[in-house]
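Open the model in your viewer and keep the sequence panel beside it. Each stop below tells you what to select and what to look for there.

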Amino acid sequence: MADLYDSDEEELTIENDAVLTKYKTAGEISNLVMKAVINEVIPGASVIDICSFGDKMILDETAKHYKKDKQLKKGIAFPTCICVNEIVCHFSPLRSDPIVTIKEGDLVKIELGVHIDGYAGVVAHSLVVGATAENPATGGLADAVLAAHHCSEAALRLIKAGNTNKQITETIQKITEAYNSSPLEGMLSYEIKRYQTEGATDKQIVLNPSEAQKKEIKNMEFAVHEVYAMDVFVTTGSGKMKESNVSTTVHKRSDEMYSLKMKASRAFFSDVCNRFTMMPFTLRAFEDEKKAK
């Protein structure tokens, strides 16, 4: 099966005005949806309702753009995920999963992404439910959130031509130490390309690298016209993660070729290729979750 983005031509970068506009449009929609999703994160709200709200708004908003180009793909580049407290990322429950409800004082991480013609804008935000200027978060929770904010701001300023991934790794380490926190071990950020939120590239940024990553991750310089998705995760704990017992619901198609024997499997794979290309997706997006599983 040939992909929409397979081409012998050199891939266009943000040097091209049309590509830059698509990235900007995706980013604007992502931020618009993020603001709306933040307003939904209140005590008593269910995580699945918030995720469904975010995904629907992404589809509704992207439908308003590039209406004349019927062949242009657009929509969800990363499904809305709501991760509560110790859950790090990528929690977007199915309709058949147990209901998770937001409570006062919860630390909530929101992730979502939008793409226009395969050019993605992916955003994330953390908040403490119920915290206000008059009633702010305190203690280690506040330290972790503030450290993550300053790490993100520093990374945004350091990702520019001529700087290196090592500079970001070292800077984030220093900032977290000042807040008695640490980055999550081994978290990777990537250069992204068209239809790929994790580019097939050696250009990676690692936080709190493991011993193996110190040997594997190459030092590299950022170059003009590259695009990166920068993930920052900070904890007041040791920085080490462990597997949860929560089922995986966000998936991404690999670039491997499959020979599927069952008609239902071929139909599902074709649906994934047509609707999501190489972008991450949730099984909740399919009418029959049981079949999708």
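Buried means under 20% relative accessible area, exposed means over 50%, and partly exposed lies in between (1.4 Å probe, protein chains only). This is a predicted model: local features need pLDDT of at least 70, side-chain atom pairs count only at pLDDT 80 or more, and totals for chains, interfaces and linings use all residues. Residues are numbered from 1 along each chain as its sequence is written, and side-chain values use heavy atoms, with hydrogens and water left out.

**Stop 1: colour by confidence**

Colour the chain by pLDDT, the predictor's confidence in each residue, from 0 to 100. The chain averages 88, and 94% of the residues score at least 70. Now select residues 1–5. Here the pLDDT is below 50. Beyond near neighbours in sequence, this stretch has 10 contacts in the model. Contact means heavy atoms within 4.5 Å. Where pLDDT is low, the predicted coordinates should not be read in detail.

Helices (H or I, at least four residues) and strands (E, at least two) are DSSP runs, numbered from the N terminus. Confidence is lowest in helix α7 (residues 289–292), with a mean of 64. It is highest in helix α1 (residues 17–40), at 97.

**Stop 2: helix α1**

Select α1. How far apart are its end C-alpha atoms? They are 35 Å apart. The 24 residues should span 34 Å, so the two values agree. The expected span is 1.5 Å times one less than the number of residues.

Go to the N-terminal end. N16 caps α1 there, with a side-chain oxygen 2.9 Å from the backbone nitrogen of A18. This is a polar contact: a pair of N or O atoms within 3.5 Å, where within protein one must be able to donate a hydrogen and the other to accept it, and residues adjacent in sequence count only if both atoms are side-chain atoms.

Next, show the buried side of the helix. Its buried residues include V19, K22, Y23, I29, V33 and V37. What do the buried residues of α1 pack against? Show α2 (47–62), β1 (74–84), β2 (107–116) and β3 (119–128).

**Stop 3: the sheet β6-β5-β7**

Select the three strands. They form an open sheet in the order β6-β5-β7, with antiparallel pairing. The edge strands are β6 (204–207) and β7 (228–229), each pairing on one side only. Two strands pair if DSSP finds at least two bridges between them.

Start with β5 (residues 187–191). This strand is mostly covered: 4 of its 5 residues are buried. On one side, β5 pairs with β6 over 4 bridges. Find M187, whose bridge partner in β6 is L207. Find Y190, which stands opposite A229 in β7.

Turn to β6. Which way do its side chains point? Q204 and V206 point one way, I205 and L207 the other, and all are buried. In a regular strand the side chains alternate between the two faces of the sheet.

**Stop 4: S189**

Select S189, in strand β5. Buried or exposed? S189 is buried, at 0% relative accessibility. A polar atom of the S189 side chain lies 2.8 Å from the backbone nitrogen of D231. Leaving out residues up to four places away in sequence, S189 touches K203, Q204, I205, A229, M230 and D231.

**Stop 5: salt bridges**

A salt bridge is a side-chain nitrogen of Lys or Arg within 4 Å of a carboxyl oxygen of Asp or Glu. The whole structure has 9 of them. Side chains of opposite charge can pair when their charged atoms come close.

Select D117 and R194. Their side chains meet in a salt bridge at 2.7 Å, N to O. D117 lies in the loop between β2 and β3 and R194 in the loop between β5 and β6, so the pair ties together parts that are 77 residues apart in sequence. D117 is buried, at 11% relative accessible area. R194 is partly exposed, at 25%.

Move to K240 and E185. Their closest N and O atoms are 3.1 Å apart. K240 is in the loop between β8 (234–235) and β9 (250–251), and E185 in the loop between β4 (182–183) and β5, 55 residues apart. K240 is exposed, at 58% relative accessibility. E185 is partly exposed, at 27%.
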